[in-house]
Amino acid sequence: RSTDGGVTWTQMQGLPGRYVSHVEFDPTTPSTFYVSVINTGSNGRVFRTTNAGGAFTQIDQGLPAFPVHVVRVDPVDGNILYAGTDVGLYRSTNGGTTWTQFGGGLPAVSIWDIAIRTDGTILRLATHGRGIYEVRLRGGGRS
């Protein structure tokens with residue numbers, strides 16, 4: 001972490017010694033961000049900090065025991081999070097406390113990136129091997 005524009009850096013503590021696949025900042029609370037880790041089992045795959053990295057909490061209850069490639073915060077409702085895993089898309093509606101598989105007819109395919117329109121109406125998924133998917137989350141907006 002750097003607090004001086006990248007002049008100096010300090011290593012963050014509280015994360016597993018694994019490959020960090022993504023860092024996602026909450027758009028309304030800059031001191032809150034999420035870190036996804038390429039990890040399996042119960043060793044931690046998603047973490048949240050609410051104090052700019054001072055401490056991290058593991059928040060992957062309900063996620064499958066596979067790597068998480070990306071985490072996104074819903075731009076309309078910061079309690080809604082999306083996680084792209086090796087076996088599909090997962091959603092939390094309570095800030096990451098619990099996760100469930102996202103339905104909508106999506107295949108259980110490796111999701112490597114997620115984009116959400118700023119008005120929260122459209123979710124786009126980049127998969128590994130099955131192309132791009134688009135899902136309407138809310139009414140309104142133009143795609």
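## Thr50 and its surroundings

Thr50 touches Ser31 and Thr32, leaving aside residues up to four places away in sequence; a contact here means heavy atoms within 4.5 Å. Thr50 is found in the loop between strand 3 and strand 4. Strands (E, at least two residues) and helices (H or I, at least four) are DSSP runs, numbered from the N terminus. At 53% relative accessibility, Thr50 counts as exposed. Exposed means over 50% relative accessible area, buried under 20%, and partly exposed in between, with a 1.4 Å probe and protein chains only. The C-alpha atoms of Thr50 and Phe33 are separated by 6.8 Å, and the two residues are 17 apart along the chain.

## Basis of the model

This is a predicted model, in which local features need pLDDT of at least 70 and side-chain atom pairs count only at pLDDT 80 or more, while totals for chains, interfaces and linings use all residues. Residues are numbered from 1 along each chain as its sequence is written, and side-chain values use heavy atoms, with hydrogens and water left out.

## Overall form

The protein has 11 strands and zero helices. Its pattern along the sequence reads β-β-β-β-β-β-β-β-β-β-β. The C-alpha trace spans about 45 × 35 × 25 Å along its principal axes. A compact globule of 143 residues would have a radius of gyration near 15 Å, and the protein agrees with this at 15 Å. That radius is taken over C-alpha atoms, and the globule rule is 2.2 Å times the number of residues to the power 0.38.

Buried residues make up 40% of the 143 residues. The protein exposes about 7500 Å², of which carbon and sulfur atoms supply 50%; accessible areas come from the Shrake-Rupley method with a 1.4 Å probe, and for residues only the protein chains shown count as cover. Among contacts between residues at least 6 apart in sequence, 35% join residues at least 24 apart.

## Charges and salt bridges

The protein has 12 positive and 10 negative side chains, and the centres of the two sets lie 4 Å apart. Lys and Arg count as positive and Asp and Glu as negative, without His and the chain ends; each charge is placed at NZ of Lys, CZ of Arg, CG of Asp or CD of Glu. Side chains of opposite charge can pair when their charged atoms come close. The structure holds six salt bridges, each a side-chain nitrogen of Lys or Arg within 4 Å of a carboxyl oxygen of Asp or Glu.

One of them joins Asp60 to Arg45, with the closest N and O atoms 3.6 Å apart. Asp60 lies in the loop between strand 4 (57-58) and strand 5 (68-73) and Arg45 in the loop between strand 2 (33-37) and strand 3 (46-49), so the pair ties together parts 15 residues apart in sequence. Asp60 counts as buried at 8% relative accessibility, and Arg45 is buried at 3%.

## Pairs between strands

Arg72 and Asp113 meet in a salt bridge at 2.9 Å, N to O. This pair links distant parts of the chain, with Arg72 in strand 5 and Asp113 in strand 9 (residues 111-116), 41 residues apart. Arg72 is buried, with a relative accessible area of 18%, whereas Asp113 is partly exposed at 34%.

Glu134 forms a salt bridge with Arg124, the closest N and O atoms being 2.7 Å apart. Glu134 is in strand 11 (residues 132-136) and Arg124 in strand 10 (residues 122-127), 10 residues apart. Glu134 is partly exposed at 44%, and Arg124 is partly exposed at 33%. Elsewhere, salt bridges that share partners join Glu24, Arg72 and Asp113 into one network.
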